[in-house]
Amino acid sequence: MSMPPPAEDEVALLAPEVVSGAEALPIDRCLEMHRLMVRARVLEERMIKMSKSGQGYFWIGGPGEEAFNVALGLQVKKGQGPTFDYLHLHYRNSALMLALGMPPIEALRMMLMTATDTHSRGRNFPSHFSNKAWNVIPVTSVIEVQYVMAPGTALMNKRRSPDAITMVLGGDAGTAEGDFASCLVWSSRPGNELPVLIIVTNNGWGISTPACTQHGEKRVIDRGKAFGIPGAVIDGNDPIASWHGVRRAMEHCRTKRRPFMLEPLVSRLNGHSSSSGALRVKDEPDTIELFEARLVESGLVEASALEQVHDEAHAEIEAAVEQVLTEPLPKAEDVELFTYAPSEVDAVYPGDYTGLPR
Ligand SMILES: Cc1ncc(C[n+]2csc(CCOP(=O)(O)OP(=O)(O)O)c2C)c(N)n1
Ligand SMILES: [Mg+2]
């Protein structure tokens, strides 16, 4: 006699899981995360090469932060406008963008500053992403300004949506800026608390300054306590811990419509940027190596299958580089284009989108 097929929720219960400490994730989710993490790493390493070989002028990015970024990106309520999540990023979030669905070639276009770059038309640094359809607010190199903008979009989320939230990301050193304090104040006004997830990816460095020489507080999230903002420190090098840490933090903001702080501890695997050489460091844990060891240990996947993921990522990124090298660069006469938005109420230059006299 044949057994009836299991119900869908039973299948979920039976799905094999990879365990990390007290938490676990289904193997399919782990493999999805692994693929994105590897793709992001290969992309960043290729961009470092481009910066060194003259195919680009500067590099900054996220090697070491892949686990946390992928865990976050896959759980975003993605879309345009206040009924969807807003993302105020900084310059280490390529893996998050890939997890949202950005094709890697878009990062390469920023690297090479081509006219085809949809994030800034070749005008901004690499990894300074912007995507209107996904509520990704344009990244600025001026650190921490994103924290003072985040309460604004969170206010719109609160007014217009039962569950959409705002997420703001930056580094540990940037929290010295007043903008970070403004974010804590504006997110936690009594009676006007905002659904904002305040994230500080702590890599222990601000360019060449060690964090331990700068922070009187034990943990950055401790600063939220004075404002009644709860928080959690998580292992940002562990994709499973990151997934659940992000899930719980999002859940808090989505359901309580109040702020939460998250401090993932991450590695910085290629130094600050091309300005400091971008050499691979040897003394910090590598999230991809750790994850692969855990996956193989689980017995649910062969090392050769993981190796194949690397091979496919290399082939895909190489093809994308070849493509980008054929694409046009911006022209000198385009310099004023899109400097200002067109304005129907501009009495002086209504039809001139640059806002400038000719
Ligand atoms: C307002 C401002 N001050 C200084 C800088 C120069 N700067 C760029 S990145 C950086 C360090 C940022 O460190 P952190 O916030 O920890 O982020 P990480 O780069 O470590 O991810 C500094 C000081 C800047 N870009 N903007
Ligand atoms: Mg830092």
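By class, the shell around ligand 1 has 5 nonpolar, 7 polar and 2 charged residues. Here Ala, Val, Leu, Ile, Met, Phe, Trp, Tyr, Cys and Pro count as nonpolar, Asp, Glu, Lys and Arg as charged, and the others, Gly among them, as polar.

A word on conventions. This is a predicted model, in which local features need pLDDT of at least 70, side-chain atom pairs count only at pLDDT 80 or more, and totals for chains, interfaces and linings use all residues. Residues are numbered from 1 along each chain as its sequence is written, while chains are lettered from A and ligands numbered from 1 in the order in which they are written.

To return to the ligand, 14 residues surround ligand 1, and the closest are Ile-143, Gly-171, Ala-173, Gly-174 and Gly-206. A residue is near a molecule if its C-beta atom, placed from the backbone, lies within 6 Å of it. Two elements give two or more residues to this shell, namely strand 5 (166-171) and strand 7 (205-206). Helices (H or I, at least four residues) and strands (E, at least two) are DSSP runs, numbered from the N terminus.

Now the overall fold. The protein has 11 helices and 10 strands. Its radius of gyration, 21 Å, is close to the 21 Å that the globule rule gives for 358 residues, so the protein is as compact as a globular protein of that length. That radius is taken over C-alpha atoms, and the rule is 2.2 Å times the number of residues to the power 0.38. Of the 358 residues, 43% count as buried. Buried requires 20 or more other C-beta atoms within 10 Å of the residue's own, exposed 12 or fewer, and partly exposed is in between, with C-beta atoms placed from the backbone.

Which residues have the most contacts inside the largest nonpolar core? They are Met-37, Val-168, Val-196 and Leu-197, in a core of 85 residues. Helix 2 (residues 27-52) supplies the largest share of this core, 11 residues. Such a core is a set of buried Ala, Val, Leu, Ile, Met, Phe, Trp, Tyr and Cys residues joined through C-beta atoms within 7 Å. In soluble globular proteins, nonpolar side chains tend to be buried together.

Leu-36 is in helix 2 and counts as buried because it has 25 C-beta neighbours inside 10 Å. Leaving aside neighbours within four places in sequence, Leu-36 is in contact (C-beta atoms, placed from the backbone, within 7 Å) with Val-70, Ala-95, Leu-98 and Ala-99. Just after helix 2, Gly-54 takes a positive phi of about 85°.

Finally, the backbone. Most residues other than glycine have a negative phi, and most peptide bonds are trans. Glu-144, although not a glycine, has a positive phi of about 80°. Glu-144 sits in the loop between strand 4 and helix 6 (145-160) and is buried, with 22 other C-beta atoms within 10 Å. Met-113 also has a positive phi, near 55°. Met-113 lies in the loop between helix 5 (105-112) and strand 4 (136-137), and counts as partly exposed, with 19 C-beta neighbours inside 10 Å.

Note on methods. Contact = placed C-beta atoms within 7 Å.
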